[in-house]
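Reader: I'd like to learn how to read a protein model, one feature at a time. Can we go through this one together?

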Amino acid sequence: MDLGIAGKKAIVCAASKGLGKGCAESLVKEGVDVTICARTAETLEATADELRALGGGSVTTVACDITSESGRAEILKACPNPDILVNNAGGPPPGDFRDWDRDDWIKAVDANMLTPIFLIKATVDGMIDRKFGRIVNITSSAVKAPIDILGLSNGARAGLTGFVAGIARKTVRHNVTINGLLPGPFYTDRLISNLKVNAEKQGLSFDEMAKQRAEGNPAGRFGTAEEFGDYCAYLCSAQAGFVTGQNLLMDGGAFPGTL
Ligand code: NAP
C-alpha cells in the first residue's frame with residue numbers, strides 16, 4: 001500500500017534509537033524527508049547514516065535536548081514547516097511518589113506533556129493552512145492502564161492526552177489529525193535497562209528475566225521498533241485522515257479490557 005506521503009516533511013523527535021528511530025525508518029522508506037533529533041550527536045549521526053542507506057527520503061539531524069526551549073527552536077529552524085510531527089522524548093524514571101519533589105514533577109511534565117504541546121503549537125497552524133498534517137504522540141500503555149511505579153509518566157502523559165483530546169477534534173476538519181500511539185513492551189534500550197534492574201532485584205539473570213517478561217505477554221514476545229514505526233507511518237498516511245483524537249494501544253494484547 002502506497003501511503004501517499006512521499007515528499008512530505010517530518011520532524012521525528014528523540015529518534016536515534018528505539019521507537020523514535022523505528023518511526024523515522026518507516027517514514028524514510030515511504031519517501032518522507034525526516035529531521036531527527038537526540039542529545040548524543042554520535043549515535044544520532046550513526047542512525048542518520050543507517051536511514052540514508054535505505055535510499056528513501058532525506059535525513060537531517062539536529063543534536064539537541066528536545067525538552068529545552070532552545071532544542072525545540074533548533075529543530076524548528078531545521079524544519080520550519082513540517083507536514084508530520086512525531087512527538088517523543090525519554091520517559092521519566094520509576095519510583096515511589098513519596099520521594100518525588102516539585103523539580104521531579106516539573107521535569108516529567110516538561111518532557112512528556114509540555115514539550116509535545118509546544119511543538120504542536122508551533123506547527124499545527126501551518127498544517128491547517130496547507131490542509132495536511134499528521135501528529136503522532138508517542139506516549140505509553142500507562143495512559144490506559146497506569147503502572148504504579150511510573151507515577152511521573154502516568155501523570156504527565158495523562159495531561160498531554162487530555163489536552164490532545166480537545167484540539168484533535170478541531171484540527172481534523174482541515175485534514176490535520178492528532179493521535180496517541182501507546183507502546184506496551186517493546187525491545188528497546190529503555191526496556192533492556194528496566195529488565196536489567198528487575199533481574200538484579202529478583203536475583204535472576206538478564207535472559208531469565210527477559211524470557212519471563214516476554215512469555216507473560218499474550219503475544220509471547222516483545223514488540224519491535226519496526227512494527228511500531230510501521231503503525232506510526234500508517235497514522236501519518238494520506239489514508240488516515242479520518243482517524244483523530246485516538247489513543248491506539250500496541251501491546252501484544254496485554255491490556256485485558258474488552259474495549
Ligand atoms: P530508548 O530506546 O531509550 O530511546 C530513546 C531515544 O530518545 C534515544 O534516541 C535518545 O537519545 C532520545 N532522547 C531521550 N531523551 C531525549 C531528549 N530529552 N531530547 C532528545 N532526544 C532524547 O527509548 P524507547 O524505548 O524508544 O522509548 C521512547 C518513549 O516511549 C519513552 O518516552 C518511553 O518512556 C516510552 N515507552 C517505551 C516503552 C518500551 O517498551 N520501549 C513502553 C512504554 C513507553 P539520547 O539519549 O542521545 O538523547
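Reader: Okay, where does Arg 173 lie?

Author: Arg 173 lies in the loop between H5 and E6. In these names, helices (H or I, at least four residues) and strands (E, at least two) are DSSP runs, numbered from the N terminus. Before we go on, this is a predicted model, where local features need pLDDT of at least 70, side-chain atom pairs count only at pLDDT 80 or more, and totals for chains, interfaces and linings use all residues. Residues are numbered from 1 along each chain as its sequence is written, and side-chain values use heavy atoms, with hydrogens and water left out.

Reader: Is Arg 173 buried or exposed?

Author: First the cut-offs: buried means under 20% relative accessible area, exposed over 50%, and partly exposed in between, using a 1.4 Å probe and protein chains only. Arg 173 has 76% relative accessibility, so it counts as exposed. Now take Asn 137, which lies in strand E5. Asn 137 counts as buried because its relative accessibility is 3%. Between the C-alpha atoms of Arg 173 and Asn 137 there are 19 Å in space, and 36 residues in sequence.

Reader: And which side chain does Asn 137 join in a polar contact?

Author: A polar contact is a pair of N or O atoms within 3.5 Å; within protein, one must be able to donate a hydrogen and the other to accept it, and residues adjacent in sequence count only if both atoms are side-chain atoms. Here the side chain of Asn 137 is joined to that of Asn 87 by a polar contact of 2.8 Å.

Reader: Next, rings. How is a pair of aromatic rings described?

Author: You give the distance of the centres and the angle of the planes. Rings of Phe, Tyr and Trp (its six-membered ring) pair if their centres lie within 6.5 Å; planes under 30 degrees apart count as stacked, over 60 as edge-to-face and the rest as tilted. By this rule there are three aromatic pairs. One of them is edge-to-face: Trp 100 and Trp 105, at 5.9 Å centre to centre with 90 degrees between the planes. Trp 100 is buried, at a relative accessible area of 14%, while Trp 105 is partly exposed, at 31%.

Reader: What about Tyr 187 and Phe 222: how far apart are their ring centres?

Author: Their centres are 5.7 Å apart and the planes are at 20 degrees, so that pair is stacked. This pair links distant parts of the chain, 35 residues apart: Tyr 187 is in the loop between strand E6 (176–183) and helix H6 (189–202), and Phe 222 is in the loop between helix H7 (206–216) and helix H8 (225–235). Tyr 187 is partly exposed, with a relative accessible area of 41%, but Phe 222 is buried, with 11%.

Reader: Which residue lies over the face of Phe 132?

Author: The rule here is that a charge sits over a ring if NZ of Lys or CZ of Arg is within 6 Å of the ring centre and within 35 degrees of the ring normal. For Phe 132, that residue is Lys 8, at 4.2 Å from the ring centre.

Reader: Now the ligand. How many residues surround the ligand?

Author: There are 27 residues around the ligand, and the closest are Ser 16, Arg 39, Thr 40, Ala 89 and Thr 188. A residue counts as near if one of its heavy atoms lies within 4 Å. This shell divides into ten nonpolar, eleven polar and six charged residues. In that sorting, Ala, Val, Leu, Ile, Met, Phe, Trp, Tyr, Cys and Pro count as nonpolar, Asp, Glu, Lys and Arg as charged, and the others, Gly among them, as polar.

Reader: Which polar atom lies 2.7 Å from an oxygen atom of the ligand?

Author: That's a polar side-chain atom of Arg 39. A side-chain N or O atom of Arg 157 is 2.9 Å from a ligand oxygen, and a polar backbone atom of Lys 17 is 3.0 Å from one.

Reader: Last one: what is phi of Lys 131 near?

Author: Phi of Lys 131 is near 60 degrees, a positive value in a residue other than glycine. Lys 131 lies in the loop between helix H4 (102–130) and strand E5 (133–138).
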